[in-house]
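Reader: I've got a structure open on my screen and would like to go through a few spots in it. Can we take them one by one?

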Amino acid sequence: MTDYAAQPLPDIRLTDHHLDILEQLDASNVELEKCISMPPAVYTSEDWFEFEKRAVWDREWVCVGHHGTIPNPGDYVSITMNEDPLLVQRKDDGGVRVMSAVCQHRGHVLGEEKGNAKVFTCPFHGWSYDATGKLVSAPEMDAHVSLKELQQKYCLATLRTEVWNGFIFVNMDGRAKPLAPRLKRLGKEIENHKLAEMGGIPTVDWGPSPWNWKFMHENAIEPHHTWYLHKGPHDFAPSRLATFAEWDDLDDGAIFHPTGFLKLDGNFTAAFSCLFPVIDGLTENERKRVMFACILPNLFFGCVPDGCFYYCILPQGANAMTIRVGFVYPKSTLRMDNFDIIFKTVVTGLETLNDQDTGANTSVHRGLRSRFAPRGRYAPKEATLPQFNRWLITRYKAYAGELERQKQKSKQAA
Ligand code: FES
Ligand SMILES: [Fe+2]
């Protein structure tokens, strides 16, 4: 038995609808000056989302949180990734285990939202599993089958996991290349933040919201709109101070860009400055910028001079998503007596921007569902979007190619 269980979703058949979209993608994978946005159906079609779950979500490293929120052995949080409820738990040896939360008796989901547990007991009929996922109790079943026999067949599946800078990722199909070697450039940019050493506070879920998961990233990673939509609360970090990284297909784990501040130690608070102590060891340049990053498909974060905020994006089909919002800070900051009071004003600052983004994202999604939906041209400050398209299209085409090859093979065999 491997130490993790890989269970890819069953393949789908490519329909005319899929093929039609695939044929239209190339115009969104060219240089910024000529590039146009993706076909609207990529954002609105539930059929396309079924394709995307297999092409992207099953095959990539998907973030399920930051280990700072589960500091002690036994601490766990639950999270549902597409249709899979999961438990994310700190192990006794300090590592992290991610398991399916689906009881193997009849399918009840285990675990409350968060807590500390050595054993997970199903509330439906009392089956219990230890922290490794092993079945340890199955009341009244011994009339038909021994616990030993049940144990040979039933456990909570452990998923392949990688932790990068404290962020916990799982790979559902078990075949993804390691993530860290594809995050070299971003890793260098944020190494002084020492995110792996930070502690977390309980996350909150915002949503469900009526737009596609990809548009959440697009809004978050393009600085063009900040000068218009966020006029006022974002002016301390004006879009003219945004810079962009060259794309690198060999280091393609993240899309990122910094935006500079007008003054040292800026932040998204009511005062437009950091309210907590600045992280030890940051350079002057790092204190004068926010580094935004998307580790696709579902982590977005912003490194500011006193900490880091992050969103885990959780799709509910093509037309809705929820974000799990978290913050990590140096442990000395979390121990401050007035942490809770100050933190409230930090959240208020982020909520102001999020309220503006909510209006815009809802509106764009309505526009993308119209028969008059655009495939628009990009502005210079939208330079991250062709990179995002390229990342997606590479994966879409790889999966479509695989399906096509399988089809040819079965034709030849017939
Ligand atoms: S479904 Fe969990 S014990 Fe029956
Ligand atoms: Fe925004």
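This is a predicted model: local features need pLDDT of at least 70, side-chain atom pairs count only at pLDDT 80 or more; totals for chains, interfaces and linings use all residues.

Reader: Where does Asn298 lie, between which strands?

Author: One of the two strands is S14, covering 289-295. The other is S15, covering 299-304, so by the DSSP runs there's a loop to look at. Asn298 lies in the loop between S14 and S15.

Reader: Is Asn298 buried or exposed?

Author: Its relative accessibility comes out at 0%. The cut-off for buried is under 20%, so Asn298 counts as buried.

Reader: Which backbone nitrogen does the side chain of Asn298 reach?

Author: Cys63 is among the residues that Asn298 touches. The side chain of Asn298 comes to 2.7 Å from a backbone nitrogen, and that nitrogen belongs to Cys63.

Reader: His217 was in that contact list. How many residues of helix H6 are buried?

Author: H6 runs over residues 213-221 and is mostly covered. His217 is one of its buried residues, as are Trp213 and Ile221. The count of buried residues in H6 is 9 of 9.

Reader: Which residue caps the N-terminal end of H6?

Author: Look for a side-chain oxygen 2.8 Å from the backbone nitrogen of Lys214. The residue that supplies this cap is Asn212.

Methods
Residues are numbered from 1 along each chain as its sequence is written. Chains are lettered from A and ligands numbered from 1 in the order in which they are written. Side-chain values use heavy atoms; hydrogens and water are left out. Helices (H or I, at least four residues) and strands (E, at least two) are DSSP runs, numbered from the N terminus. Buried means under 20% relative accessible area, exposed over 50%, partly exposed in between (1.4 Å probe, protein chains only). A polar contact is a pair of N or O atoms within 3.5 Å; within protein, one must be able to donate a hydrogen and the other to accept it, and residues adjacent in sequence count only if both atoms are side-chain atoms. Contact means heavy atoms within 4.5 Å. Lists of a residue's contacts leave out its neighbours within four places in sequence.
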